[in-house]
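Student: I would like to go through this structure slowly, one question at a time.
Tutor: Then let us look at it together and begin with a single side chain.

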Amino acid sequence: MNRLTLAVSRAIARVTDSALGPYQTAVLRIGLGLTWLLFLLREYPHRQELYGPDSPWSWDLAAQLVGSNDAFTVLLWSDSQVWFEAVYALAVLFSLLLLLGWRTRTMAALFMAGVLTLQNRSVFMGDGGDNVLHIMAVYLVFTRCGQVWSLDARRARRGEEARARGERTPDRVGPALWLVLGLVLLLGSLAGRTDGDWFIPALLWAVWLGQAVWWLAGRLARTDQPRILLDVVANVVHNGALLVIMAEACLIYATAGWYKVQGSRWQDGTAVHYPLNLEYFSPWPSLAELFTASGALVMLVTYVTVVVQVAFPFTLFNRRVKNVLLTFMILEHTVIAVVLGLPFFSLAMIAADAVFLPTSFLRRVGRLAVRARDRLRQGGHGTAAAVPQQRRPDGAPGGPPAAGTAGAAPVTDKVPGPRT
């Protein structure tokens, strides 16, 4: 009984003391932000046909659909061209700021709003990657995904260094951003624009109020107890969201694998052949022909894909096997991005897969990225010129002039001694 109590207490302490998987959630944040940012930039010339006034799915049709399913989208607040351009530009900006990790909690909520706004405006645009991005964007709001590899982490580190020197670091941007977003939420609520879907507006209000409570606890509380309590609550919410994200990724693969098992083309090993020969999924016809030239290769890829997707959720209890299958799935998504021309679907899936990557591997990647950045900076500024070695009056190299010269310091083993 004592062992059970000790194990339970350790588990509770682990869940409440820290936010688990900080590197994994950081990669998820970067991956989702990058995926949506690249998609919006690539489709910028076609934005009017996809989500704007020129879309085949007209504003009236979208309004009727949203009225029936209560989906969240701010694009239906107005049908003006200026409003659409502003929303699209803000969606690009929120994706970039989330990618960089600037005001991560706020940007995660705004990123979610941008994703839902555009996707719910035209529900028939995109592919399976949109569904992954749609779901993960909501889950990301509950995570503390800016603890590492973010501008927030750098600002927190600099703030701690400043406080250690006895300096004050006032935050003016945070309260100003909080006031502006609160005003927008209030105006939207008073105008009845959020009467349809209650969950997303409630989540946005919860984030807004949570930021206010966090700020007040840090500024007005006389003790650290309120901030510690809020930190525990944030850790519990983060760890619960991380567990849900991992379960969602496993559910995606498990359902995909089991549905494939029931298909006759997957059973006879020819399923991969057909999309490779469709013009829509063949941006590189010669590359697709190379893959489909061997029937044995097609059959092998078909069966291995099904086996890996079905088996992956069961391999989480064995780290080595899980890492092998995870490597294969990331490689598979890379091939899908290139061969089938589905880069954003693959990026979204790779970002979801990142929550299973080992922490040691991610730290190693981070160190390599820092070294590469430092080398680029050194290369950009040039190398320092070599300083000529000093010589003594007798011509011998090293050290200052020989003893007896005015103002010279004593020399011991060619190392200058202190001046007195």
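Student: Does Arg47 count as buried or exposed?
Tutor: This is a predicted model, in which local features need pLDDT of at least 70 and side-chain atom pairs count only at pLDDT 80 or more, while totals for chains, interfaces and linings use all residues. Residues are numbered from 1 along each chain as its sequence is written, and side-chain values use heavy atoms, with hydrogens and water left out. Buried means under 20% relative accessible area, exposed over 50%, and partly exposed in between, with a 1.4 Å probe and protein chains only. Because its relative accessibility is 14%, Arg47 counts as buried.

Student: Which residue forms a salt bridge with Arg47?
Tutor: Side chains of opposite charge can pair when their charged atoms come close. A salt bridge is a side-chain nitrogen of Lys or Arg within 4 Å of a carboxyl oxygen of Asp or Glu. For Arg47 the closest N and O atoms of the pair are 3.1 Å apart, and the partner is Glu85.

Student: Which parts does this pair tie together, and how many residues apart are they in sequence?
Tutor: Helices (H or I, at least four residues) and strands (E, at least two) are DSSP runs, numbered from the N terminus. Glu85 lies in helix H5 (residues 81–100) and Arg47 in helix H3 (residues 47–50), so the pair ties together parts whose separation in sequence is 38 residues.

Student: Where do Arg103 and Asp171 lie, and how many residues apart in sequence are the parts they tie together?
Tutor: Arg103 and Asp171 form a salt bridge whose closest N and O atoms are 2.9 Å apart. Arg103 is buried, at a relative accessible area of 13%, whereas Asp171 is partly exposed, at 25%. Arg103 lies in the loop between H5 and helix H6 (104–121) and Asp171 in the loop between H8 and H9, so the parts tied together are separated in sequence by 68 residues.

Student: How many residues apart are Asp231 and Arg144?
Tutor: These two form a salt bridge, with the closest N and O atoms 2.8 Å apart. Asp231 counts as partly exposed at 27% relative accessibility, while Arg144 counts as buried at 15%. The pair links distant parts of the chain, since Asp231 is in helix H11 (residues 225–261) and Arg144 in the loop between H7 and H8, and their separation is 87 residues.

Student: How many salt bridges does the count come to?
Tutor: Among them are the pair of Glu85 with Arg47 and the pair of Asp231 with Arg144. By the rule given above, the count comes to 8 salt bridges.

Student: Which elements give two or more residues to the lining of the largest cavity?
Tutor: On a 1 Å grid over the protein atoms alone, a cavity is a set of points where a 1.4 Å probe fits but cannot get out, a pocket is an open set with protein on both sides within 12 Å along at least five of seven lines, and lining residues have an atom within 4 Å of a point. Grid points are joined across faces, edges and corners, and a volume is the space filled by probe spheres set on the points; here the largest cavity holds about 50 Å³. Its lining includes Trp36, Asp130 and Phe344. The elements that give two or more residues to it are helix H2 (22–42), helix H7 (128–140) and helix H17 (343–353).

Student: Which helix gives the most to the lining of the second largest pocket?
Tutor: About 810 Å³ of space lies in this pocket. Of the 31 residues that line it, the closest to its centre are Val272, Thr305, Glu332, Ile336 and Leu340. With 7 residues, the helix that gives the most to the lining is H16.

Student: How far apart are the end C-alpha atoms of residues 173–192?
Tutor: UniProt lists residues 173–192 among those for "transmembrane region" in an unreviewed entry; its positions are given in the numbering used here, feature names are shortened, and annotations may be inferred rather than shown by experiment. In the model this span is 90% helix and 0% strand, and the distance between its end C-alpha atoms is 29 Å.
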